[in-house]
Amino acid sequence: MGETEAAFQIRVDGQVGPTGRPLPDFPDPPVLTGHGPARIIAMCNQKGGVGKTTTTINLGAALAELGRRVLLVDFDPQGALSVGLGVPTHELDVTVYNLLVERGHDIRDVIAHTRVEGLDVLPANIDLSAAEVQLVGEVAREQILARVLRPVIDDYDVVLVDCQPSLGLLTINALTAAHGVIIPLECEFFAMRGVALLVETIEKITDRLNPRLVVDGILATMYDGRTLHSKEVVASVVEHFGDRVFHTVISRTVKFPDASLAAEPITTYDGSHKGATAYRQLARELIARGGAA
Ligand SMILES: Nc1ncnc2c1ncn2[C@@H]1O[C@H](COP(=O)(O)OP(=O)(O)O)[C@@H](O)[C@H]1O
Ligand SMILES: [Mg+2]
């Protein structure tokens with residue numbers, strides 16, 4: 001990441017960002033003239049409620065606004081990603097679960113379009129909770145999601161996999177299929193608790209199953225700039241992870257749960273809100289770092 005960092009334009013005003021570092025300018029990326037093959041990114045943290053699903057939806061929507069073709073994979077049996085995009089999961093007979101455990105389905109029949117142009121979703125529902133147990137006895141059980149996604153990889157520029165809050169076999173499948181990982185961290189006490197275990201898991205996957213896997217970035221979420229506490233948490237995360245921490249941080253705002261209830265990304269629910277602006281900046285930062293086309 002060091003060399004791409006050098007490509008950033010440091011703003012002439014020298015403004016320091018919320019992570020305590022000079023804030024680069026992230027320009028609009030070039031328009032893509034063709035699409036695919038996709039870079040796969042797993043959204044991972046075994047802690048729940050840190051903003052994985054919110055980030056998957058809104059980063060995905062922001063990338064789609066930039067003309068990227070984006071597939072979001074709901075890989076949590078809770079199905080919050082699907083519901084948050086208006087997919088009626090309880091009515092679905094076939095979901096990502098069936099693609100994982102049965103033969104003979106076409107992934108293109110399972111993928112749903114969202115109201116956002118260029119943003120598709122591979123939905124999940126509670127059926128997925130059975131997959132972990134069922135897959136344990138399979139040959140190459142860690143590589144099943146990679147195999148499921150292969151037929152549509154050339155149709156998309158980015159695939160974001162919204163992981164469940166665990167380091168079980170589903171998450172291992174996501175990390176094995178992925179090129180990169182984004183780790184959302186809530187700006188709270190104990191935010192870093194468990195991250196060592198996650199990093200250890202990622203290193204094991206890199207060693208044994210997926211040498212191309214890299215950490216694309218650590219994302220501070222639920223940031224409250226009015227509190228010293230939020231600033232201290234971000235400072236300690238930067239101290240620990242350095243340049244791997246995104247310059248973009250996501251503020252705490254009730255607009256996110258509001259947008260989820262409305263089954264929309266914040267970028268369409270309230271496109272001028274600072275939460276929408278933040279995810280658009282994250283999309284440009286990710287592309288500038290080489291984390292997406
Ligand atoms: N930046 C934020 N500010 C306020 N609430 C948020 C923010 N990000 C997420 N939330 C809310 O917090 C809850 C957990 O977020 P979610 O994205 O579902 O986390 P995870 O997928 O890691 O469990 C949800 O109700 C969501 O709407
Ligand atoms: Mg979630």
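The paragraphs below start with the sheet and then turn to the helices, the ligand and a few backbone details.

The model is a predicted one. Its sheet is open and has 7 strands, in the order β5-β6-β4-β7-β3-β8-β9, with mixed pairing. At the edges stand β5 (112-113) and β9 (214-221); each has a single partner strand, so one side of each is left without a neighbour in the sheet. Strands of a sheet pair through backbone hydrogen bonds, and the pairing may be parallel or antiparallel.

In the strand order, β7 is placed between β4 and β3. With strand β3, residues 39-43, β7 pairs in the parallel sense over 5 bridges. Two positions illustrate this pairing: R39 has V158 of β7 as its bridge partner, and I40 stands opposite V159. Strand β4, residues 70-75, also runs parallel to β7, and 6 bridges join the two. Here F75 has C163 of β7 as its bridge partner.

A residue is called buried here if 20 or more other C-beta atoms lie within 10 Å of its own.

Helices accompany the sheet. Helix α2 lies across β3, β4, β6 (119-122), β7, β8 (180-186) and β9. Relative to β7, α2 runs at about 165 degrees. Another helix, α8, spans residues 169-177; because 8 of its 9 residues are buried, α8 is largely enclosed by the rest of the structure. Among the buried residues of α8 are L170, I172, N173 and L175.

In total, 17 residues surround ligand 1, and the closest are K52, T53, T54, F256 and P257. Sorted by class, the shell contains 7 nonpolar, 8 polar and 2 charged residues.

An unreviewed UniProt entry places the feature "domain: AAA" at residues 39-213. In the model, the end C-alpha atoms of residues 39-213 lie 11 Å apart, and the span is 36% helix and 17% strand.

A cis peptide bond joins G36 and P37, with omega at about -10 degrees. P37 has its place in the loop between β2 (24-25) and β3. Two residues other than glycine have a positive phi: the value is near 65 degrees for F190 and near 55 degrees for M222. F190 is in the loop between β8 and α9 (195-208), while M222 is in the loop between β9 and α10 (228-241). Are these residues buried or exposed? F190 has 9 C-beta neighbours inside 10 Å and therefore counts as exposed. M222, by contrast, has 22 other C-beta atoms within 10 Å and is buried.

Definitions and conventions:
Residues numbered from 1 in each chain as written. Chains lettered and ligands numbered in written order. Predicted model: local features only at pLDDT ≥ 70, side-chain atom pairs only at ≥ 80, totals over all residues. Near = placed C-beta within 6 Å. Nonpolar A, V, L, I, M, F, W, Y, C, P; charged D, E, K, R; others polar. Pairing = 2+ DSSP bridges. Helix = DSSP H or I, 4+ residues; strand = E, 2+ residues; numbered from the N terminus. Contact = placed C-beta atoms within 7 Å. Axes fitted to C-alpha atoms, helices over the stretch in contact; angles between N-to-C directions. UniProt positions renumbered as here; feature names shortened; annotations may be inferred. Buried ≥ 20, exposed ≤ 12 C-beta atoms within 10 Å, placed from the backbone.
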